[in-house]
Amino acid sequence: EMGFGNHTTRGSRGTGDPHGRDGGTVPTTVEEQQWCLDQAHYYCNRGNALEEAGKVDAAIRAYRAAITYHAEYPDAHYNLGIALKNRGHVAEAIREYRKTVELKPDHADA
């Protein structure tokens, strides 16, 4: 298990969440896992763009979506920590920084 979120995959989406995160199955095939990684990267990059545009709350939602798709994605945790800190949520930010270091002890910025 690589820390993928508990959500439905591209081919088996339920009728709830438009992103397929409505309590479905954990991805089991290499293709499903790759799709989850791709989604995590997309949402992390989207969060970066939103934060650069000054839309910090939207960036926080995007980083959390990235983590939903891949819970062990250190950059998403780190970027979420920065955004949370920028919103004054210091305790939550520290938790995300710690998660970053737990996942990637040699993370250059954490």
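**Salt bridges in the predicted model**

Arginine 64 forms a salt bridge with glutamate 92, the closest N and O atoms lying 3.1 Å apart; a salt bridge is here a side-chain nitrogen of Lys or Arg within 4 Å of a carboxyl oxygen of Asp or Glu. Because arginine 64 lies in helix H2 (residues 56–69) and glutamate 92 in helix H4 (residues 90–103), the pair ties together parts that are 28 residues apart in sequence. Helices are DSSP runs (H or I, at least four residues) numbered from the N terminus. The structure is a predicted model, in which local features need pLDDT of at least 70 and side-chain atom pairs count only at pLDDT 80 or more, whereas totals for chains, interfaces and linings use all residues. Residues are numbered from 1 along each chain as its sequence is written, and side-chain values use heavy atoms, with hydrogens and water left out.

Arginine 64 is partly exposed at 39% relative accessibility, and glutamate 92 is also partly exposed, at 26%. By definition, buried means under 20% relative accessible area, exposed over 50%, and partly exposed in between (1.4 Å probe, protein chains only).

Glutamate 102 and lysine 99 form another salt bridge, with a closest N and O separation of 3.2 Å. Glutamate 102 is exposed, with a relative accessible area of 57%, while lysine 99 is partly exposed at 26% relative accessibility. Salt bridges with shared partners join Arg64, Glu92 and Arg95 into one network.

Note on methods:
Helices (H or I, at least four residues) and strands (E, at least two) are DSSP runs, numbered from the N terminus.
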